[in-house]
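Here are some exercises to work through with the model open beside you. Have a go at each task before reading its solution.

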Amino acid sequence: MTGEEASELYFHGKFYRNGIFDDLYIGISDGKICEISKFRNNARVVELENAVFPGSTDMHVHFRDPGETEKEDFASGSMSAIFGGTTTVFDMPNNMVPVIDYEVYESKRNSLRGRSFCDYGLYSMFNGGNTNIIHDESIGIKIYMGESTNAKGIENIDETNQLSLENLGKNIVFHAESGECLRKSSVSVNTLCDHSMSRNTECEKIALDKLNKFRISRKIVAHMSDFNNVETMRDRTFKNEMLPQHMLLSCEKIENSWGKVNPPIRDEKIREKNFQAYLDGKIDILSSDHAPHTEKDKREVRYAKSGMIGVETRVPLILALIRKKIVPLSIFVKTCIENPPSLFGIKKGLIERGYTADFITVDFSSTERISEGRLHSKNPATPFHGFEAIFPNDVILGGEIALQGKELIEDHFGKYMPLKKTEIV
Ligand SMILES: [Zn+2]
């Protein structure tokens, strides 16, 4: 050893690192990778079978806790995450009591303590004039440009507020649908394609053009629903996030309201375009926007609330597409594993010294069909029911086994991740 901490244990397996699967011994100390070696020594070694990747980060979930725990709570949401190979989630701030100040943040943070199976960060919400009371541990700031669940729309941000947001030194994540544009719509909604017309992609375009001009350096556009909106854009100043539903589902093919989401699932032509953009490496981040509702909330398309689950199926859906040679491995690794933590300045998602020891093991021969009855959300209905997926066999979180042979280790919990400005790498 060269003056570093000694490894407490090693994991041995074929780790995906620098674009290849490499036979490695990974030494762990204090939940982090402290040694990467080709050779074993006398320490305790845990053998990992199949392909090993770093754990995945889902930067966009709504676990509804506190406030709407009949839809989900942090235990059920984070359990779903682990079963789906996601070791880290960032939870959105539009709770019943929106997280807009220090006190609400503290109370949310305290109420979640010791209840998450995966690691987690918490967002705060910008409400037009609260930058000075936002908690400094927030993982990022969410801005809803149009009204949404428990959030009023903030579409125009003056220069003073842009500067205050910039000074927070955090990622600013935008829900980019223009409120003004949405209010003009008069389409009556009986199908999911009506829903897409009622919140048409022009409203997304208007919002994107606006936020592109904001003088904020760390901008991420959440759940882009129509890649045509950015393709022609010159001097794009933001990173873009996409969801599996906008590249794998189209409104013509879904009849029930479980696929009602905002921004809406678009038609087949746009879906194809979105998926192609993903395959071409033009999407920075793939998130789930896991946003459960109860059956009662989802009864009829017209009145149904918007949002669907996804934290457990996001990675497995893509793994099945890798096996079919549709999605390149490198695109999956960038969008699901490396980019999300790296854009937030967090040392996760790489097999490198100093990075958190989160791993998932994947047997690429074990394709199965997604079945609602086997998902772990409190409200597991999903338009992805019946889709092919590959669920991870094992999940290691901070050097400890959280899922083994597809069985949850129930007494293992994840960590809360505060993100102070000074800690950003
Ligand atoms: Zn969302």
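This is a predicted model: local features need pLDDT of at least 70, side-chain atom pairs count only at pLDDT 80 or more; totals for chains, interfaces and linings use all residues.

**Exercise 1. Work out the volume of the largest pocket and what kinds of residue line it.**

Solution. The volume comes out at about 660 Å³. Around the largest pocket sit 29 lining residues, and Lys32, Asp119, Lys348, Thr356 and Lys415 are the ones nearest its centre. Sort the lining by type and you get 11 nonpolar, 10 charged and 8 polar residues.

**Exercise 2. Search the whole structure for disulfides, and say how the bonded cysteines pair up along the chain.**

Solution. The search turns up 2 disulfides. Count the bonded cysteines along the chain and the pattern reads 1-3, 2-4. Now take the two links in turn.

*Step 1: Cys181 and Cys203.* Their sulfur atoms are 2.0 Å apart, inside the 2.5 Å cut-off for a disulfide. The angle about the S-S bond is -75°, and the link of Cys181 and Cys203 is left-handed. Because Cys181 belongs to helix H4 (residues 179–184) and Cys203 to helix H6 (residues 201–213), the pair ties together parts that are 22 residues apart in sequence. Are these two cysteines buried or exposed? Both Cys181 and Cys203 are buried.

*Step 2: Cys193 and Cys251.* Here too the sulfur atoms are 2.0 Å apart, making a disulfide. Cys193 sits in helix H5 (residues 192–198), while Cys251 is in the loop between helix H8 (244–248) and helix H9 (268–279), so this link joins parts 58 residues apart in sequence. The torsion about the S-S bond of Cys193 and Cys251 is about 95°, so that disulfide is right-handed.

*Step 3: accessibility in the second link.* Buried means under 20% relative accessible area. Cys251, at 5%, counts as buried, whereas Cys193, at 25%, counts as partly exposed.

**Exercise 3. Find the cysteine sulfur nearest to Cys118, and decide whether Cys118 is buried or exposed.**

Solution. Cys251 in the previous exercise was buried at 5% relative accessibility. Cys118 is in no disulfide, and the nearest cysteine sulfur, that of Cys336, is 15 Å away. With 0% relative accessibility, Cys118 counts as buried. For another buried cysteine, look at Cys34, which has a relative accessible area of 9%.

**Exercise 4. Identify which residues coordinate the zinc ion, and trace where they sit in the sequence.**

Solution. First, the donors: His60 (NE2), His62 (NE2) and Asp289 (OD) coordinate the zinc ion at 2.1 to 2.2 Å. Then the spacing: in sequence, the donor residues run H-x1-H-x226-D.

Now place one pair. His62 lies in the loop between strand E5 (56–61) and helix H1 (74–83), and Asp289 in the loop between strand E13 (285–286) and helix H10 (314–323); the pair links distant parts of the chain, 227 residues apart. Last, check burial: His62 and Asp289 are both buried.

Definitions and conventions. Residues are numbered from 1 along each chain as its sequence is written. Side-chain values use heavy atoms; hydrogens and water are left out. Helices (H or I, at least four residues) and strands (E, at least two) are DSSP runs, numbered from the N terminus. Buried means under 20% relative accessible area, exposed over 50%, partly exposed in between (1.4 Å probe, protein chains only). On a 1 Å grid over the protein atoms alone, a cavity is a set of points where a 1.4 Å probe fits but cannot get out, and a pocket is an open set with protein on both sides within 12 Å along at least five of seven lines; lining residues have an atom within 4 Å of a point. Grid points are joined across faces, edges and corners, and a volume is the space filled by probe spheres set on the points. Ala, Val, Leu, Ile, Met, Phe, Trp, Tyr, Cys and Pro count as nonpolar, Asp, Glu, Lys and Arg as charged, and the others, Gly among them, as polar. Donors are N, O and S atoms within 2.8 Å of the metal (3.2 Å for Na, K and Ca); water is not among the atoms, so sites may look incomplete.
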